[in-house]
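I opened my notebook to keep a record of a few things worth looking up here. Have a look along with me.

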Amino acid sequence: MSNVSSVFLLILLVPVTAVLFVVWSLKTNLLTAPFFNHELAARNVYGIVEDQISKQIATLKLENLPIAATDIQTLAQQVLPASWLQQSVEMILDRSFGWFNGPLGVALSVPIDMSGPKAAITPALDALIQSAIPRLPECSKSATADGLCRAADTTVAKIKDMLKTGGIDLTTVIAQLPDSLDLANPVLPSIKLSNDNQVTQQN
């Protein structure tokens with residue numbers, strides 16, 4: 001579980017570091033948002049971050065699961081590509097510099113557009129499930145701890161139905177994900193695992 005937390009912390013470190021850079025540069029009066037945007041892109045910082053995320057994912061312990069670390073790495077690259085990280089960080093820098101240089105009394109707002117990652121989750125998960133099907137135990141012999149198994153006619157849709165029967169409705173979960181997240185006031189939504197399950201607060 002600590003490995004999973006480290007992956008998410010690494011992802012969050014990118015925008016947080018950008019904000020800290022803004023504060024430092026304003027104190028020194030040397031740097032600007034365009035300078036940061038150019039330097040971060042020129043030094044391939046986003047590619048380096050993506051590589052570090054993949055390395056963290058490679059350390060995940062996935063025993064007794066029909067998925068491999070490479071599957072999670074592919075999912076992360078599809079949902080949170082380097083291009084999205086770059087666009088988000090550049091927006092954070094532009095908004096933060098504009099706020100610091102703007103009139104007093106205006107609340108800082110740093111919304112991150114999550115619509116791209118949200119839209120990418122479903123096809124990415126479908127691809128992950130498809131790759132996992134051949135690794136599932138045959139239904140005639142056994143099943144995983146979650147009751148998943150593979151028959152001759154097993155499809156992605158049927159696996160989702162199995163998960164839904166077990167209390168996890170992926171469609172319901174994804175629909176509740178926010179389209180944007182304000183880093184200046186990060187309020188994470190409560191997520192229902194299914195329409196029948198109790199609301200679970202995400203931290």
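At what angle do the axes of helix H2 (residues 33-42) and H5 cross, and within how many Å do they come? I found a crossing at roughly 160°, with the axes coming within 9 Å. Axes here are lines fitted to C-alpha atoms, for helices over the stretch in contact, and angles run from 0 to 180 degrees between N-to-C directions.

A note on ground rules: this is a predicted model, where local features need pLDDT of at least 70, side-chain atom pairs count only at pLDDT 80 or more, and totals for chains, interfaces and linings use all residues. Residues are numbered from 1 along each chain as its sequence is written, and side-chain values use heavy atoms, with hydrogens and water left out.

**Entry: H2 and H5.** I wrote down H2 and H5 as roughly antiparallel to each other because of that angle (under 35 degrees is roughly parallel, over 145 roughly antiparallel, 65 to 115 roughly perpendicular, the rest oblique). From H2, the contact draws on Ala33, Phe36, Asn37, Leu40 and Ala41, and from H5 on Gln86, Val89, Glu90, Leu93, Asp94 and Phe97 (contact means heavy atoms within 4.5 Å). I sorted these residues into seven nonpolar, two polar and two charged.

**Entry: H3 and H5.** Next I looked at helix H3 (residues 45-58), which packs on helix H5 (residues 82-100) at about 125°, the axes being 9 Å apart. H3 is therefore oblique to H5. On the H3 side I listed Tyr46, Gly47, Val49 and Glu50, and on the H5 side Ala82, Leu85, Gln86, Val89 and Glu90. By class, that contact has five nonpolar, two polar and two charged residues. This crossing, of H3 and H5, is right-handed.

**Entry: Leu75.** I found Leu75 in helix H4 (residues 69-79). Leu75 counts as buried because its relative accessibility is 18% (buried is under 20%, exposed over 50%, partly exposed in between, with a 1.4 Å probe and protein chains only). Beyond four places in sequence, Leu75 touches Ala124, Leu125 and Leu128. The C-alpha atoms of Leu75 and Ala124 are separated by 5.6 Å, though the two residues are 49 apart along the chain.

**Entry: confidence.** The mean pLDDT of the protein is 78, and 77% of its residues reach 70 or more (pLDDT is the predictor's confidence in each residue, from 0 to 100). I marked residues 198-203, where pLDDT stays under 50. Where pLDDT is low, the predicted coordinates should not be read in detail.

Definitions and conventions: Helix = DSSP H or I, 4+ residues; strand = E, 2+ residues; numbered from the N terminus. Left-handed = near helix turned anticlockwise from the far one by under 90°. Nonpolar A, V, L, I, M, F, W, Y, C, P; charged D, E, K, R; others polar.
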